[in-house]
Structure formats: C-alpha cells, structure tokens
Amino acid sequence: MEKLTDLHTHSTASDGTFSPSDVAALAKDAGLASVALTDHDTTDGLDEFMEAGRSLGIETIPGIELAAGYKNTELHIVGLFIDYKSSALKESMEFIVNERNERNKKMIKALSRIGMEISLQELEENAGGNIITRAHYANVMVNRGYVKNKEEAFDRYISSGRPGYVKRETLTPKSCIEVIRKSGGIPVLAHATLYGYGYLEIHNLVGKLKEYGLGAMETLYSTYTSRQSEELRKICEYYKLVKSGGSDFHGLNKPDIKIGTGRGELRIPQSFADEMKDILK
C-alpha cells in the first residue's frame, strides 16, 4: 500500500480547532506516514506537535505558513522541515506579531463604526493562541448574533473591500522565502489557484519566486480539480521544483476538509516529503 502524507495543516496555535497533538493523532488515525503542521505566522504549536509525533510513532514535520504581499493579493508561502527555533525565524515572527496586533486594533474600530462591538479579549479567548485571524473574528460575530454564519461574516464584512476589513502589512515574497531558507527549510507556494490568476500568470509568478529561492509548490490540494493539479504539475516540473501537497486542514473551521483526504479524493504520496528530505541532506 502506498504511503501517504499531508503537508499543510493547522491547529489551535493559529486558526485550526484541534490542538497540535490532536493534529498528529488524527493523522496517525488516518493512516498517514507523516504530517506537517503549518500554522499561520507562528511556530508556537510545534514543540507539542513534535513530541506527539514521537509518542505516537508518526513522522511529524515542523512547518509554518507565511503571508506575503504581492501586487493586489496576498500569497501564502509554506515552509517545511524548518528549524523552528532559528534566530532568523524568531526575528520575522516578532515583526509579524506586531503587525497583526496593529491590524486587530484597526479592525475592531472598523467593526465598531458599523455597530459591531467586538473586544480583543473575546478574540483572544476564541483564538486560544497568540495568533488572531479573520476566522476568529467570524466566530465571535456569529457568537454575538451579528451574522448567521461565518460565510456571511466574510462575504459582507471582513473580506477585502468590505467595511470591517483592514489590510495588514506583511513580509515580501522574497523575504518569506529567504527566512525559510535561513531556517533550513523548503519554501513552498501554497494553493496557487486561489489567487485569482490564470495559468500563464501563475507560470510567471512561479518563475519570479524561483529566482528568490522557491523550492516547491503544491500540486495537490483539497480544492484543486484534476485539471488544475495537472496544469500546476506541468509548471512545477518546468521550473524543476519539488511537488508538495496538503489538505489545508483547519478542523471545524473548514468542516468539509479532512486531514489527509481533503474533501475525500486527496492522496498525497509520502514520496513528496521524502524528496524534500533528500534535498536537505
């Protein structure tokens, strides 16, 4: 039987609903050979995650997902097999946390102006960790009865161009890739189809990121169609990048996405992770 992995998951350290150790346990129960934890802009859950992997007998891969401002969108760069205690990563985390804190102040004010009173304490309690994302705003808005569900929160209030949205300052794509490299990891372009680009634009984007040191891209992902996976595989091979893939598991915050299998059809070969390890030797 082919060994499988999942190289893109989230825990309560960012905007997932399962603890880091639970993510490892779920991956083990799903029969995966390995799993990566790639929380947004934080490594806080990785100690617990790595220890759980050792206890459960599953390979746990330390990772992170960084946001990068690019033209009129926000790219996500996943770092896999990182030294999550490196000084380079620590410095970047301090910048990111400071910028998130400033954004939170502004978003709370923006929502207050349209009659939605949300406190920082509520957001912190909902997040459970140091990273507050828009998913946590959506949860609080549902809890307070301002919206019927999280989809309404995003569609009407906290997506780009909506009255409660505030753009945050992020790292550049180049700096994201460089800090992952300095931390001993492989930089991966996440979910390339979600940025609103056509295949030619994705091709050009990947070429630019390759110049910065991009090492891999996700050719398998929960929302990709078979054609999208095939087109991205061609781009990946054209630039001689390593293939990666992940479910983008968030637990109950994305209830249709299961660890390892996404919406049911996802199968990510362990060979993706093994090739990355070979490169890093």
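Is Cys-176 buried or exposed? Select Cys-176: at 0% relative accessibility, this residue counts as buried. Here buried means under 20% relative accessible area, exposed means over 50%, and partly exposed lies in between, with a 1.4 Å probe and protein chains only.

Before the tour continues, note that the structure is a predicted model, in which local features need pLDDT of at least 70 and side-chain atom pairs count only at pLDDT 80 or more, whereas totals for chains, interfaces and linings use all residues. Residues are numbered from 1 along each chain as its sequence is written, and side-chain values use heavy atoms, with hydrogens and water left out.

**The cysteines**

Next, display the strands. Helices (H or I, at least four residues) and strands (E, at least two) are DSSP runs, numbered from the N terminus. Two strands pair if DSSP finds at least two bridges between them. Eight strands form an open sheet in the order 7-6-5-4-3-2-1-8, with mixed pairing. Its edge strands are strand 7 and strand 8 (268-269), each of which pairs on one side only.

Select strand 1 (residues 4-6) and strand 2 (residues 34-37), which run parallel and are joined by two bridges. Within this pairing, Asp-6 has Val-35 in strand 2 as its bridge partner.

Now move to strand 7 (residues 242-246), where four of the five residues are buried. Strand 6 (residues 216-221) pairs with strand 7 in the parallel sense over five bridges. Select Leu-220 to find Gly-245 of strand 7 standing opposite. In a regular strand the side chains alternate between the two faces of the sheet.

**The aromatic pairs**

How many aromatic pairs does a search of the whole structure find? The search finds three. Rings of Phe, Tyr and Trp (its six-membered ring) pair if their centres lie within 6.5 Å; planes under 30 degrees apart count as stacked, over 60 as edge-to-face and the rest as tilted. Select Tyr-221 and Tyr-224: their ring centres are 5.4 Å apart and their planes stand at 50°, so this pair is tilted. Tyr-221 is buried at 4% relative accessible area, and Tyr-224 is buried at 9%.

Then select Tyr-238 and Tyr-239, an edge-to-face pair with 4.9 Å from centre to centre and 80° between the planes. Tyr-238 is exposed, with a relative accessible area of 55%, whereas Tyr-239 counts as buried at 16%.

**Helix 6**

Finally, select helix 6 (residues 150-158), whose buried residues are Glu-152, Ala-153, Tyr-157 and Ile-158. Look down the axis of helix 6: its buried residues fall within an arc of 135°, so they line one face of the helix. The arc is that of the directions from the helix axis to the C-beta atoms. On the face turned away from the buried side of helix 6 are the exposed residues Glu-151 and Asp-155. The cover over the buried residues of helix 6 includes helix 3 (87-113) and helix 5 (134-143), where contact means heavy atoms within 4.5 Å.
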